[in-house]
Amino acid sequence: MKTYKIKYQIGDEIKEKILKLDTLSKDNLPKNIIDIKEENISFDFSFLKKKSINDKQVNLLFYELSLMLDSKIALNDAIDILIKNKKDKNILLFLSELKNSLINSKPIEKSLENFKVNYLVISFLQISQNNGNINENIKALSLLLEENTQIKKSFIKAISYPIVLFISFLFSLFSMFYFVIPKFEMIFSQTKNELPLATKILLKTQFVFENYIFYIMFTIFFFIFLLIYFYKTNSKFEYFIHKLVAKNIYLIRDVYLNMQFYRIFLLIDIMLKSNYEFHHAILSSKVLLKNKYLLDKISLIDNLLQNGNNINESFFKTDIFDDIILNLINTGEVSNSLSITVYEIRKIYKNRFDEKIKILTALIPPIFLVIIMSLILWIVLAIFMPIWDMGNMIKV
């Protein structure tokens, strides 16, 4: 018996159903099916055999390729030049497979399935192969890869100091719970006065830490393993996580959504400039999405457009675009200038993303510092308050 995920439409809604069947037939399937996918419930360890190409190598590769295409060098010739100048075996194999796929019209995703690279690379190359606008897509890919690198650098720079500080604090905390606090516990046990609440909590925490730390760590790792397992094997749980990231986590959702929509409208802008229809551009943009929740929203737009709804109405019914974006889409549709408004939407999402990532990276260091300072203050007060009380008793 096999497990299938069925995506189908009822009215304006896109729904999913998981079926376990021996064979597929019309009798056991819903109407208006959009997609049928066989679910693999086992873990896929094939990634361990894949040839890895890191982001720095990929960025440089497509930057060089973009420059050569700008210089009016044919794509096959540009790839040949890169093959002659590269020494890394994985990159040479990657370029050879890419060239072979383009020459023989083999699906890019199949030809490059043995390579571990940024998913944007496969997605953009797949779109390019399907639509023929490969030069523009490679330029856009080079731009996106560079932006991703800058984002990672900014983010790592923002969190590196707090993380080092936090790790140092954890080592200090570990030493205190094992070597320092037990000695104070003996002193506190001799006092007849009521211990402060902070001290009681500290002593109970120390007891739990000393006796149950390995059980706690095992529970945490087991919980993480369960989350990963359910994420990999349960499509409903995967959808829940994707929806959570896209809708419910404050600030993270804004960063994530703005980045995803920027990529989508970047691709739509490229395709409109290459004289593709808007509907076709929307359909192609689905390849860029890994988030199932957002993918359903784009699929809803696709189905509404197929059923004769106008563009503005289709975007409005998804309930994920704000008034500014909807007004721009409506203006572009009414005035037949979608290529202009889509370019503006792309810039809006890029500016929003830059603004949100700056806020996020600016908030991380003080949040870490406040947490660490609070923990230090609690430990200091918990240790010294009983000592001060004992000192006052001696004076009396």
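Ile340 counts as exposed because its relative accessibility is 54%, where exposed means over 50% relative accessible area, buried under 20% and partly exposed in between, computed with a 1.4 Å probe on protein chains only. The model is predicted, so local features need pLDDT of at least 70 and side-chain atom pairs count only at pLDDT 80 or more, while totals for chains, interfaces and linings use all residues. Residues are numbered from 1 along each chain as its sequence is written, and side-chain values use heavy atoms, with hydrogens and water left out.

**Overall composition**

- The protein has 14 helices and 5 strands; these are DSSP runs numbered from the N terminus, with helices (H or I) of at least four residues and strands (E) of at least two.
- Of the 396 residues in the protein, 38% are buried.
- Among contacts (heavy atoms within 4.5 Å) with a separation of 6 or more, 62% are between residues 24 or more positions apart.

**Nonpolar cores**

- The largest nonpolar core comprises 74 residues, and Phe62, Phe315 and Phe321 have the most contacts inside it; such a core is a set of buried Ala, Val, Leu, Ile, Met, Phe, Trp, Tyr and Cys residues joined through side-chain atoms within 4.5 Å.
- Helix 9 supplies the largest share of this core, at 13 residues.
- Another core, of 14 residues, lies apart from the largest one and includes Ile181, Leu195, Leu203 and Ile383.
- Beyond its neighbours within four places in sequence, Phe62 is in contact with Phe94, Val121, Leu125, Ile138, Leu141, Ser142 and Leu145.
- In soluble globular proteins, nonpolar side chains tend to be buried together.

**Helix 8 and helix 9**

- Helix 8 (residues 235–247) packs against helix 9 (residues 252–273) at an angle of about 100°, and their axes are 6 Å apart; the axes are lines fitted to C-alpha atoms, for helices over the stretch in contact, and angles run from 0 to 180 degrees between N-to-C directions.
- Helix 8 is therefore roughly perpendicular to helix 9, a term that covers 65 to 115 degrees, whereas angles under 35 count as roughly parallel, over 145 as roughly antiparallel and the rest as oblique.
- In this contact, Val245, Ala246 and Lys247 of helix 8 meet Arg253, Tyr256 and Leu257 of helix 9.
- By class, the contact of helix 8 with helix 9 has 4 nonpolar, no polar and 2 charged residues; Ala, Val, Leu, Ile, Met, Phe, Trp, Tyr, Cys and Pro count as nonpolar, Asp, Glu, Lys and Arg as charged, and the others, Gly among them, as polar.

**Helix 12 and helix 13**

- The axes of helix 12 (residues 311–318) and helix 13 (residues 323–334) cross at roughly 165° and come within 8 Å, so the two helices are roughly antiparallel to each other.
- From helix 12, Ile311, Asn312, Phe315 and Phe316 meet Leu326, Ile329, Asn330 and Glu333 from helix 13.
- The contact of helix 12 with helix 13 comprises 5 nonpolar, 2 polar and 1 charged residues.

**Individual positions**

- Ile340 lies in helix 14 (residues 338–395), and its C-alpha atom is separated by 8.5 Å from that of Asp269, 71 residues apart along the chain.
- Tyr63, in helix 1 (residues 55–70), counts as partly exposed because its relative accessibility is 45%.
- The C-alpha atoms of Tyr63 and Leu141 are separated by 8.8 Å, with the two residues 78 apart along the chain.
- Asn309, in the loop between helix 11 (292–306) and helix 12, counts as buried at 18% relative accessibility.
- Setting aside neighbours within four places in sequence, Asn309 is in contact with Leu304, Ser314 and Lys317.
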